[in-house]
Amino acid sequence: YLLQAYPVAREDIRLSLLVSLVGGTLGGIAATIVSNPADVVVSELKKAKTDISPFEAVDILLKRSGPAAFAKGIQLRMIFYSLLVSLQFLLYDAIRLALGVGTDDMKLYLNVLGAALSETSN
């Protein structure tokens with residue numbers, strides 16, 4: 001989407017890498033928001049002295065801190081995931097650019113791969 005909004009980024013390597021960093025940061029933030037409640041529940045399960053079900057852990061968290069319990073630690077995870085995903089996107093694009101593989105090449109490869117896989121499944 002970002003490359004469609006800023007087509008000049010396709011031509012300039014620095015802008016292309018910047019788009020990758022921004023996309024990775026936004027992806028990391030989205031991943032944090034989606035996965036943080038489950039991470040909090042898993043942490044509660046690990047802290048429990050006895051075996052409890054995930055539903056019991058959710059009930060304990062709600063009784064202790066209310067819905068805000070599911071946002072515990074979200075700031076640190078947001079920084080971590082944003083940094084991690086941004087670096088992955090940046091590394092992917094840097095390698096792709098270093099090897100001279102363009103987006104059209106990737107589309108062609110995926111089309112050929114998809115056709116080959118559909119033929120083998122028939």
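Colleague: Which residues make up the largest nonpolar core, and which elements give two or more residues to it?

Modeller: Happy to start there, with the reminder that this is a predicted model. The largest nonpolar core has 6 residues: Val40, Val41, Ala57, Leu61, Ala69 and Phe70. The elements that give two or more residues to this core are H2 and helix H3 (54–65).

Colleague: Which residues does valine 40 touch, not counting residues up to four places away in sequence?

Modeller: Valine 40 is itself one of the core residues. With residues up to four places away in sequence not counted, valine 40 touches Leu61, Ala69, Phe70, Lys72 and Arg77.

Colleague: Is asparagine 36 buried or exposed?

Modeller: Asparagine 36 has its place in helix H2. Leaving aside neighbours within four places in sequence, asparagine 36 is in contact with Phe70, Ala71, Lys72, Gly73, Ile74 and Arg77. Buried means under 20% relative accessible area. Asparagine 36 has a relative accessibility of 0%, so it counts as buried.

Colleague: What else is buried in H2, and where is its kink?

Modeller: The buried residues of H2 include Ser16, Val19, Ser20, Gly24, Gly28, Thr32, Val41 and Glu44. As for the kink, the bend is about 45° and lies shortly before proline 37. The residue at the kink is serine 35.

Colleague: How far apart are the end C-alpha atoms of H2, and what span should its 35 residues have?

Modeller: Helix H2 covers residues 13–47. At 1.5 Å a residue, H2 should span 51 Å. That agrees with the separation of its end C-alpha atoms, which is 47 Å.

Colleague: How far apart are the end C-alpha atoms of H3 and of H4?

Modeller: The 12 residues of H3 should span 16 Å, and its end C-alpha atoms agree, being 16 Å apart. Helix H4 (residues 74–98) has 25 residues, which should span 36 Å. The end C-alpha atoms of H4 agree with this at 35 Å.

Colleague: How many aromatic pairs does the structure hold, and what is the angle between the planes?

Modeller: The structure holds 1 aromatic pair. Phenylalanine 80 and tyrosine 81 form this pair, with 5.7 Å from centre to centre. Planes under 30 degrees apart count as stacked and over 60 as edge-to-face, with the rest tilted. The pair is tilted, and its angle is 50°.

Colleague: What is the radius of gyration of the protein, and what does the globule rule give?

Modeller: The protein has 5 helices and 0 strands. The globule rule gives 14 Å for 122 residues, and the protein lies well over that, so it is more spread out than a compact globule. The C-alpha atoms fill a box of roughly 55 × 45 × 25 Å along the principal axes. The radius of gyration is 21 Å.

Notes
Residues are numbered from 1 along each chain as its sequence is written. This is a predicted model: local features need pLDDT of at least 70, side-chain atom pairs count only at pLDDT 80 or more; totals for chains, interfaces and linings use all residues. Side-chain values use heavy atoms; hydrogens and water are left out. Helices (H or I, at least four residues) and strands (E, at least two) are DSSP runs, numbered from the N terminus. The expected span of a helix is 1.5 Å times one less than its number of residues. The bend at a residue is the angle between axes fitted to the seven residues ending there and the seven starting there. Buried means under 20% relative accessible area, exposed over 50%, partly exposed in between (1.4 Å probe, protein chains only). Rings of Phe, Tyr and Trp (its six-membered ring) pair if their centres lie within 6.5 Å; planes under 30 degrees apart count as stacked, over 60 as edge-to-face and the rest as tilted. A nonpolar core is a set of buried Ala, Val, Leu, Ile, Met, Phe, Trp, Tyr and Cys residues joined through side-chain atoms within 4.5 Å. Contact means heavy atoms within 4.5 Å. The radius of gyration is taken over C-alpha atoms; the globule rule is 2.2 Å times the number of residues to the power 0.38.
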